[in-house]
Amino acid sequence: MTQATFKKIKINGEEHILKFTFNAISDLEEHYQKGIFSVVQGSAIGFNTVRNFYWAGMLWKNPSLTPHHVGAMLEKEMEENEDYDVEEQMKIAVEALTTSKAFKLMAKRAEAKQAREDSKN
C-alpha cells in the first residue's frame, strides 16, 4: 500500500495538511474554469492563488471551508509574521498538488495520450 502525499504547513502556529484529492483538484478546475495543468502552468503568484490552493488542499479535512476563511487565516499570519513569503507558500502549495496521487495519475494519462498522438504523426 502506498502512502498518501501531502505537505504540512503552519498558519498562525497551527499545523495544517495540504492534501490534493480528486475532489480538491476538481474544485480548483471549477474555480479557474480550466484544466489543472493549465492552472499550474499559468498560475501567477499572488494572494488569490495561494489562498485558493490552500483552500483546495485543506478541503479534505474540512469540506465546509471557504476561500474567505483561508484568506482570513493567511491575513492574520501575515500581520503577525513579517517574514511571510507568498512566493514560498505558493511553491509549497504547487508541490503538494503536483506530488499528489490524483495529479500524478492525471499526468501519467496525459503523457500516454500525448505519446499516442505523437506516434500517429
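Is Gln33 buried or exposed? Gln33 is exposed, with a relative accessible area of 66%. This is a predicted model. The chain holds 6 helices and 2 strands. Along the sequence they run in the pattern β-β-α-α-α-α-α-α.

**Overall build**

- Taken along the principal axes, the C-alpha atoms fill a box of roughly 55 × 35 × 25 Å.
- The chain has 121 residues, and 31% of them are buried.
- Contacts reach across the sequence: among those with a separation of 6 or more, 64% join residues 24 or more positions apart.

- Strand S1 covers residues 7–11 and strand S2 covers residues 14–18.
- The two strands pair in the antiparallel sense, over 5 bridges.
- In this pairing, Lys8 of the chain stands opposite Ile17 in S2.
- S1 and S2 form a hairpin with 2 residues between them.
- In a regular strand, side chains alternate between the two faces of the sheet.

- Most residues other than glycine have a negative phi.
- Asn12 lies in the loop between S1 and S2.
- Asn12 is partly exposed, with a relative accessible area of 27%.
- Gln33 also has a positive phi, of about 60°, although it is not a glycine.
- Gln33 sits in the loop between H1 and H2.

**The salt bridge**

- How many salt bridges does a search of the whole structure find? The search finds 1.
- Its partners are Lys7 and Glu95, with the closest N and O atoms 2.8 Å apart.
- Lys7 lies in strand S1 and Glu95 in helix H5 (residues 86–98), so the pair ties together parts that are 88 residues apart in sequence.
- Lys7 is partly exposed, at a relative accessible area of 25%.
- Glu95 is partly exposed too, at 38%.

**The nonpolar core**

- In soluble globular proteins, nonpolar side chains tend to be buried together.
- The largest nonpolar core here has 28 residues.
- Within this core, Leu18, Phe20, Phe53, Tyr54 and Met58 touch the most other members.
- Elements giving two or more residues to this core are S1, helix H1 (22–32), helix H2 (36–42), helix H3 (47–58), helix H4 (67–80), H5 and H6.
- Which element gives the largest share of this core? H3 does, with 6 residues.

**Helix H6**

- H6 runs over residues 101–120, which makes 20 residues.
- At 1.5 Å a residue, H6 should span 28 Å; its end C-alpha atoms are 29 Å apart, which agrees.
- Which residues of H6 are buried? They are Ala102, Phe103 and Ala107.
- Seen down the axis of H6, these buried residues fall within an arc of 125°, so they line one face of the helix.
- An α-helix has 3.6 residues a turn, so residues three or four places apart point the same way.
- On the other side of H6, the exposed residues are Lys108, Arg109, Arg116, Ser119 and Lys120.

**Pairs apart in sequence**

- Ala110 has its place in helix H6.
- Ala110 is partly exposed, with a relative accessible area of 35%.
- Ala110 and Phe37 are 73 residues apart along the chain, while their C-alpha atoms are separated by 9.7 Å.
- Ser26 lies in helix H1.
- Ser26 is partly exposed, with a relative accessible area of 25%.
- Ser26 and Ala56 are 30 residues apart in sequence, and their C-alpha atoms are 9.0 Å apart in space.

Technical notes. Residues are numbered from 1 along each chain as its sequence is written. This is a predicted model: local features need pLDDT of at least 70, side-chain atom pairs count only at pLDDT 80 or more; totals for chains, interfaces and linings use all residues. Side-chain values use heavy atoms; hydrogens and water are left out. Two strands pair if DSSP finds at least two bridges between them. Helices (H or I, at least four residues) and strands (E, at least two) are DSSP runs, numbered from the N terminus. The expected span of a helix is 1.5 Å times one less than its number of residues. Buried means under 20% relative accessible area, exposed over 50%, partly exposed in between (1.4 Å probe, protein chains only). The arc is that of the directions from the helix axis to the C-beta atoms. A salt bridge is a side-chain nitrogen of Lys or Arg within 4 Å of a carboxyl oxygen of Asp or Glu. A nonpolar core is a set of buried Ala, Val, Leu, Ile, Met, Phe, Trp, Tyr and Cys residues joined through side-chain atoms within 4.5 Å. Contact means heavy atoms within 4.5 Å.
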